[in-house]
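Trainee: I would like to learn how to read a structure like this one, feature by feature. Could we go through it together?

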Amino acid sequence: MASIFSTIIAIFVMIPFLGYFISFILAKEILKSHRRAVHIAIDITTFLLIVSVHFIVIAIWRTSYLWLIFIVICSIGVLFAIMYWKAKGEIDYSKVLRGFWRVNFLLFFTAYITLMITGLVLRILELY
């Protein structure tokens, strides 16, 4: 049972798109709302992308930069809260958290794609 569970986790970590589709399908069946299902799937995929970026960095450079990932996430949170406060004059924590998490999705999606391409190129160059 543990090996099945770890295999499923590995699939979700290494292939966030599969995690997105599975969470979207499940959310759509449960909620019956396409828009809410997309948002929930993106929220779940954000976590998967953060973990994937960490493991891809380890695979490429053989060292962990998890501390840097946490600093980037915290910095985005602080910057997003300050920008929201400047724009609205008050902080609505649910909106700030939602926007912060969506910005993280965009950042880590971009990092995931960039690192996948970088890893492929570096492995191809190692062969020659």
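Predicted model: local features only at pLDDT ≥ 70, side-chain atom pairs only at ≥ 80, totals over all residues.

Mentor: Gladly! Let us begin with a term: helices are DSSP runs of H or I with at least four residues, numbered from the N terminus.

Trainee: How many helices and strands does the protein have?

Mentor: There are 5 helices and 0 strands, and along the sequence the pattern reads α-α-α-α-α. The C-alpha atoms fill a box of roughly 55 × 35 × 25 Å along the principal axes. Of the 128 residues, 28% count as buried. Among contacts with a separation of 6 or more, 60% come from residues 24 or more positions apart.

Trainee: Back to Lys32, then. What is the phi of Lys32?

Mentor: Lys32 has a positive phi of about 60 degrees, although it is not a glycine. Lys32 counts as exposed because its relative accessibility is 64%. You will find another positive phi at Arg62, near 55 degrees, again in a residue other than glycine. Arg62 is in the loop between H3 and H4, and with a relative accessible area of 63% Arg62 is exposed.

Trainee: Now the helices themselves. What describes two packed helices?

Mentor: In general, one gives the angle between their axes and the distance between the axes. Take helix H3, residues 34-61, and helix H4, residues 66-88: their axes come within 10 Å and cross at roughly 145 degrees. The crossing of H3 and H4 is right-handed.

Trainee: Which residues in H3 and H4 meet?

Mentor: From H3 come Ile50, Val53 and His54, and from H4 come Leu66, Ile69 and Ile73. By class, the residues of this contact divide into 5 nonpolar, 1 polar and no charged.

Trainee: Is His54 buried or exposed?

Mentor: His54 counts as buried because its relative accessibility is 11%, and the cut-off for buried is under 20%. Leaving aside neighbours within four places in sequence, His54 is in contact with Ser64, Leu66 and Ile69.

Trainee: At what angle do H3 and H5 pack?

Mentor: H3 and H5 pack at about 35 degrees, with their axes 8 Å apart. H3 passes H5 in a left-handed crossing. The contact of H3 with H5 has 19 nonpolar, 6 polar and 3 charged residues.

Trainee: Let me pick a residue in each of those helices. What does Ser52 reach with its side chain?

Mentor: The side chain of Ser52 reaches the backbone oxygen of Leu48 at 2.8 Å. Ser52 sits in helix H3, and its relative accessible area is 1%, so Ser52 is buried.

Trainee: And which residues is Phe100 in contact with?

Mentor: Phe100, found in helix H5 (residues 93-127), is in contact with Ile73, Ile76, Gly77 and Phe80, once its neighbours within four places in sequence are left aside. At 13% relative accessibility, Phe100 counts as buried.

Trainee: How are the rings of Tyr65 and Trp67 arranged?

Mentor: The pair of Tyr65 and Trp67 is tilted, because the planes are at 55 degrees; the centres are 6.4 Å apart. Tyr65 counts as partly exposed at 34% relative accessibility, whereas Trp67 counts as exposed at 51%.

Trainee: Which residues form one aromatic cluster?

Mentor: That cluster is made of Phe17, Phe105, Phe109 and Tyr112.

Notes: Residues numbered from 1 in each chain as written. Heavy atoms only, no water. Axes fitted to C-alpha atoms, helices over the stretch in contact; angles between N-to-C directions. Helix = DSSP H or I, 4+ residues; strand = E, 2+ residues; numbered from the N terminus. Left-handed = near helix turned anticlockwise from the far one by under 90°. Contact = heavy atoms within 4.5 Å. Nonpolar A, V, L, I, M, F, W, Y, C, P; charged D, E, K, R; others polar. Phe/Tyr/Trp six-rings, centres within 6.5 Å; stacked < 30°, edge-to-face > 60°. Buried < 20%, exposed > 50% of the residue type's maximum accessible area, 1.4 Å probe, protein only. Polar contact = N/O pair within 3.5 Å; in protein donor to acceptor, adjacent residues only side chain to side chain.
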